[in-house]
Amino acid sequence: MTVVGVPYHLDEYLPGLDLPLRPEREVTADLPSGDVWGRLRALYSVVAGVVADAAGRGARPVVVSGDCTTALGTVAGLQRTGIDPGIVWFDAHGDVQTLETTASGYVGGLPLRLLVGYRPELVAAGLGLRPVAEQQVMLVGARDLDPPEVTYLAGAGIRRAGVAGLDAAALPDGPLYVHVDLDVIDPADVPGLRYPVPGGPGAAQVAGALRMLLATGRVAAVGIACVWHPGHSAAAAVGPHLETAFAAPG
């Protein structure tokens with residue numbers, strides 16, 4: 001695998017962000033002035049290029065960043081190499097808000113919705129990112145959904161699963177992009193989370209699910225979202241579990 005560090009939370013550069021895996025390459029970009037979408041397009045264009053280079057060489061990119069929206073660049077990079085992945089998305093939240101439904105305005109609540117085709121002019125079109133079919137997406141571990149997300153998911157083709165009940169036979173077809181927002185883990189195991197949601201699985205259980213997915217041999221890339229505030233030793237708490245998952249065969 002090739003570990004790529006992207007030390008940003010959205011368009012905020014976080015040079016002190018503690019990452020649970022040691023990056024072999026770090027992505028930074030000179031971001032333009034203007035709105036957040038233009039800045040994210042610039043950053044994720046660099047991410048997509050790095051991912052495409054790694055995947056094109058037969059390596060499995062593991063992109064470790066400070067948020068979930070970096071997944072847009074990762075999936076775009078895979079698509080540039082001819083890989084059209086299904087998505088397995090671990091998250092305590094739904095990440096399927098829209099600008100029209102979000103109460104907070106937080107851009108980090110939109111990435112999965114953007115990946116399945118919402119408002120491509122915001123980011124996707126600038127990356128050449130094609131929408132992933134809802135039927136090719138599985139949302140795992142989500143337990144904090146806003147009412148608009150509940151309504152959307154009730155009529156969408158996105159599949160749902162718990163971490164404990166994740167079954168390899170029920171995964172999307174073909175190659176996979178596996179995204180792990182580490183806030184899917186119970187906050188008792190991950191100090192300093194930006195948006196903690198109690199009642200989640202332990203770090204070892206999430207790592208076990210990741211290990212199972214890697215063992216299928218179908219994982220083309222992994223995203224690890226470190227959605228925590230720097231300085232709380234969160235990386236030290238979860239790093240050994242992730243290292244065990246990636247060290248397993250597969």
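Let's start with Val140, which stands opposite Ala161 in strand β8. Keep in mind that this is a predicted model. Val140 belongs to a pairing in which three bridges join strand β7, residues 137–140, to β8, and these two strands run parallel.

Now stay with Ala161 for a moment. Ala161 lies in strand β8. Is Ala161 buried, exposed or partly exposed? Ala161 is partly exposed, with a relative accessible area of 23%. If you look along the chain from there, Leu171 is 10 residues apart from Ala161, and their C-alpha atoms are separated by 9.9 Å.

On to β7. Val137 and Leu139 point one way from this strand, while Met138 and Val140 point the other way. Are these side chains on β7 buried or exposed? All of them are buried. As for how the chain gets from β7 to β8, there is a helix involved: β7, helix α5 (residues 147–155) and β8 make a right-handed β-α-β unit.

Four bridges join β6 to β7, and the two run parallel.

How many strands form it, and in what order? Eight strands form an open sheet, and the order is β4-β1-β5-β10-β9-β6-β7-β8, with parallel pairing. At the edges you find β4 (25–26) and β8 (159–161); each has a single partner strand, so one side of each is left without a neighbour in the sheet.

Now let me take you to β9, which sits between β10 and β6 in that order. Strand β9 covers residues 176–181, and six of its six residues are buried, so to speak a strand that is mostly covered. Leu176, Val178 and Val180 point one way from β9, and Tyr177, His179 and Asp181 point the other way. Both groups are buried.

What does β9 pair with? On one hand there is strand β6, residues 86–90, joined to β9 by five bridges, with the two running parallel. In this pairing, Gly86 stands opposite Leu176 in β9. On the other hand there is strand β10, residues 219–225, which pairs with β9 in the parallel sense over six bridges. Here Asp181 stands opposite Ala225 in β10. The chain crosses from β9 through α6 to β10, and this β-α-β crossover is right-handed.

The structure holds one cavity of 30 Å³ or more. About 30 Å³ of space lies in the largest cavity. Which residues line the largest cavity? They are Leu182, Ile185, Ala203, Val206, Ala207, Val238, His241 and Leu242. Two helices, α6 (203–215) and α7 (234–247), each supply at least two residues of that lining. By class, the lining of the largest cavity has seven nonpolar residues, one polar and no charged ones.

Next, the largest pocket, where about 340 Å³ of space lies. This pocket is lined by 20 residues, and those that lie nearest its centre are His93, Asp95, Tyr106, Gly109 and Asp146.

My last stop is the cysteines. A disulfide is a covalent bond between the sulfur atoms of two cysteines. How many disulfides does a search of the whole structure find? The search finds zero. Cys68 is in no disulfide, and the nearest cysteine sulfur, that of Cys226, is 10.0 Å away. Likewise, Cys226 is in no disulfide, with the sulfur of Cys68 as its nearest cysteine sulfur, 10.0 Å away. The cut-off for a disulfide is a pair of cysteine sulfur atoms within 2.5 Å. Are these two cysteines buried or exposed? Cys68 counts as buried because its relative accessibility is 4%, and Cys226 also counts as buried, at 0% relative accessibility.

Definitions and conventions: Residues are numbered from 1 along each chain as its sequence is written. This is a predicted model: local features need pLDDT of at least 70, side-chain atom pairs count only at pLDDT 80 or more; totals for chains, interfaces and linings use all residues. Side-chain values use heavy atoms; hydrogens and water are left out. Buried means under 20% relative accessible area, exposed over 50%, partly exposed in between (1.4 Å probe, protein chains only). On a 1 Å grid over the protein atoms alone, a cavity is a set of points where a 1.4 Å probe fits but cannot get out, and a pocket is an open set with protein on both sides within 12 Å along at least five of seven lines; lining residues have an atom within 4 Å of a point. Grid points are joined across faces, edges and corners, and a volume is the space filled by probe spheres set on the points. Ala, Val, Leu, Ile, Met, Phe, Trp, Tyr, Cys and Pro count as nonpolar, Asp, Glu, Lys and Arg as charged, and the others, Gly among them, as polar. Two strands pair if DSSP finds at least two bridges between them. A crossover is right-handed if, with the strands pointing away from the viewer, the path from the first strand over the helix to the second runs clockwise.
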